[in-house]
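Subject: Structure handover

Hello,

Here is the structure I promised to pass on. Please open it first, then read the notes below it.

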Amino acid sequence: MVDELNKDYIRLAWVKGMPTKDIMVRHVLKNAFVPMIAYIPASVLLTTGGPLLVERFFSVPGMGPLLTDAIGRYDTSVVQALQNFMKKKSAAVMAFVFFAVVVFTFIATAIGKYQYTELRTRLMEKFTSPNSEYWFGTDNLGRD
């Protein structure tokens, strides 16, 4: 998103006097989220599939064992109960909060200072003495 803000057409829109809200919605967000569309299905799958596996593995009572048992027994009453649950306003609010957390996770990842791969390679640089790149040296994680 930060990279998108530095593009020439965004500067041109500001110079022309376009309101900041319109610039952010029409240009920046629209173009910044295009690369992240590929990661949304995987994150939803991991966010919902992970708890199902953990609940099943550690025998924690919750929606995971209920759902997997219902699928295994072809239990349509559970499916109907979940459908009725989704009709309620509280379920809609919970779904909105869930998707907001997923979207904010992508935003935080996009504007984060360090990439995950960069952090892994920086571990090789831990406890370096002060030099021209790291003025005060690095700590046990390779950070400044």
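Start with a definition: a residue is buried under 20% relative accessible area, exposed over 50% and partly exposed in between, using a 1.4 Å probe and protein chains only. Now the ground rules. This is a predicted model, where local features need pLDDT of at least 70, side-chain atom pairs count only at pLDDT 80 or more, and totals for chains, interfaces and linings use all residues. Residues are numbered from 1 along each chain as its sequence is written, and side-chain values use heavy atoms, with hydrogens and water left out.

**Aromatic pairs**

The whole structure holds 2 aromatic pairs. Rings of Phe, Tyr and Trp (its six-membered ring) pair if their centres lie within 6.5 Å; planes under 30 degrees apart are stacked, over 60 edge-to-face, and the rest tilted. Phe 57 and Phe 58 have ring centres 4.9 Å apart and planes at 85 degrees, so they are edge-to-face. Phe 57 is exposed, at 63% relative accessible area. Phe 58 is exposed too, at 55%. Phe 98 and Phe 99 also pair edge-to-face, with 5.1 Å between centres and 70 degrees between planes. Phe 98 is partly exposed at 25%. Phe 99 is partly exposed at 44%.

**α4 against α7**

Helices here are DSSP runs (H or I, at least four residues), numbered from the N terminus. Axes are lines fitted to C-alpha atoms over the stretch in contact, and angles run from 0 to 180 degrees between N-to-C directions. Helix α4 covers residues 40–57 and helix α7 residues 89–111; they pack at about 125 degrees, axes 11 Å apart. That makes α4 oblique to α7. The classes are roughly parallel under 35 degrees, roughly antiparallel over 145, roughly perpendicular from 65 to 115, and oblique for the rest. Contact means heavy atoms within 4.5 Å. From α7, the contact uses Phe 98, Phe 99, Val 102 and Phe 106. From α4, residues including Ile 40 and Val 44 take part.

**α4 against α5**

Helix α5 spans residues 63–73; its axis comes within 7 Å of that of α4, and the two cross at roughly 90 degrees. They are therefore roughly perpendicular. Leu 52, Glu 55 and Arg 56 of α4 make the contact, with α5 residues including Met 63 and Leu 67. Within α5, Gly 64, Pro 65 and Ala 70 are buried. Tyr 74 follows α5 and has a positive phi, near 55 degrees.

Best wishes
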